[in-house]
Amino acid sequence: MLWTPSDLAGNREPSYGASMDQPPPRKVEHQQTDRGYIPVYATGVVEQPWSGYTRTDHEVWDTLYQRQRELLPGRACKEFLAGVERFGLGDGGIPKFSELNKVLVKATGWELVAVEGLLPDEVFFDHLANRRFPVSWWIRKPDQLDYLSEPDLFHDLFGHVPLLLNPVFADYMQAYGRGGMKAFAIGPEALMNLTRLYWYTVEFGLMNTPEGMRIYGAGIVSSKGESIYCLDSPSPNRIGFGLERVMSTRYRIDTYQQTYFVIDDFAQLFNATRPDFTPIYAKLGAEPAHAAADVLDGDRVFTRGTREGFATGADT
Ligand code: HBI
Ligand code: FE
């Protein structure tokens with residue numbers, strides 16, 4: 001898919017739906033939840049407004065892409081890098097979901113759907129359980145290159161989608177979605193345990209490969225700073241993955257991770273989702289959760305962090 005300047009929408013404002021001046025109801029409301037005051041979006045699937053992206057939008061994508069493409073070889077796992085190449089995410093400008101879906105559906109039966117933003121858990125899980133990955137259609141502004149509080153197009157598309165071409169990881173993501181539906185039916189405690197599993201694997205997971213420690217978490221590969229910090233800094237712990245260990249460990253959403261959990265391969269992750277989690281939730285419900293920075297007896301410790309620079313205060 002070649003992107004030429006003539007395709008560009010110039011600098012005119014993105015076109016929204018039917019008329020140019022009716023921005024869609026992106027942020028339906030903010031909601032007080034157990035994870036703080038979070039933006040809640042309309043939950044519907046929308047069309048990717050590709051012709052409405054501005055030159056600036058395309059340039060933000062190219063800037064973020066080039067930065068990570070230069071940084072990640074030798075840091076990201078080979079499966080992630082292979083997915084980036086196979087999708088041609090670096091062909092220039094924001095990729096078209098319709099083009100990517102031609103590759104993705106054939107490869108693993110997954111499909112990208114454009115959404116307004118963060119979805120309520122049960123809506124999100126239902127998409128994953130049906131091999132649909134929700135991708136926010138909007139991209140951050142130039143002054144947000146290094147941090148934004150919610151997942152945007154670059155985080156969702158560059159961070160999450162390349163690994164959906166890996167059959168084992170693709171199966172894990174669907175199994176996770178099915179587990180999410182069950183956890184949602186059980187209640188908030190179970191949901192919290194399952195959200196920690198997503199956080200410490202899909203978002204911030206590391207892999208111990210024969211070539212060395214590599215990144216597979218979307219939250220890391222879409223962040224320049226954390227792509228460096230997670231492997232190079234002496235501050236965080238790096239601990240072998242364990243399902244119950246991860247489900248019972250709190251995390252932080254406002255800083256780099258204090259602990260990274262390390263898998264050997266995606267098969268280990270997929271196998272971890274085989275058992276019925278119900279008895280695990282019951283067992284974990286009776287025990288206190290661990291702090292994000294804790295190192296426990298019995299942990300397989302790759303690195304015991306120095307904790308230098310660790311923010312204090314409440315983990316979620
Ligand atoms: N919604 N669109 C979107 N993308 C996410 O990654 C996402 C979400 N809603 C909930 C959620 N992630 C997390 O709570 C996961 O742990 C389930
Ligand atoms: Fe994410």
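Glu203 is buried, with a relative accessible area of 10%, where buried means under 20% relative accessible area, exposed over 50% and partly exposed in between (1.4 Å probe, protein chains only). His160 is likewise buried, at 4%. The structure is a predicted model, in which local features need pLDDT of at least 70 and side-chain atom pairs count only at pLDDT 80 or more, while totals for chains, interfaces and linings use all residues. Residues are numbered from 1 along each chain as its sequence is written, and side-chain values use heavy atoms, with hydrogens and water left out.

## The iron site

The iron ion (ligand 2) is coordinated by His155 (NE2), His160 (NE2) and Glu203 (OE), at 2.0 to 2.1 Å; donors are N, O and S atoms within 2.8 Å of the metal (3.2 Å for Na, K and Ca), and since water is not among the atoms, sites may look incomplete. The donor residues follow the sequence spacing H-x4-H-x42-E. Distant parts of the chain are linked by the pair of His160, in helix α5 (residues 153–160), and Glu203, in helix α7 (residues 188–203), which are 43 residues apart; helices are DSSP runs (H or I, at least four residues), numbered from the N terminus.

## Packing of α1 and α9

The axes of helix α1 (residues 55–71) and helix α9 (residues 224–232) come within 10 Å and cross at roughly 20°, the axes being lines fitted to C-alpha atoms over the stretch in contact, with angles from 0 to 180 degrees between N-to-C directions. That angle makes α1 roughly parallel to α9, a term for angles under 35 degrees. Arg67, Gln68 and Leu71 of α1 meet Lys224, Ser227 and Ile228 of α9, contact meaning heavy atoms within 4.5 Å.

Note on methods
Chains are lettered from A and ligands numbered from 1 in the order in which they are written. Helices (H or I, at least four residues) and strands (E, at least two) are DSSP runs, numbered from the N terminus. Angles under 35 degrees count as roughly parallel, over 145 as roughly antiparallel, 65 to 115 as roughly perpendicular and the rest as oblique.
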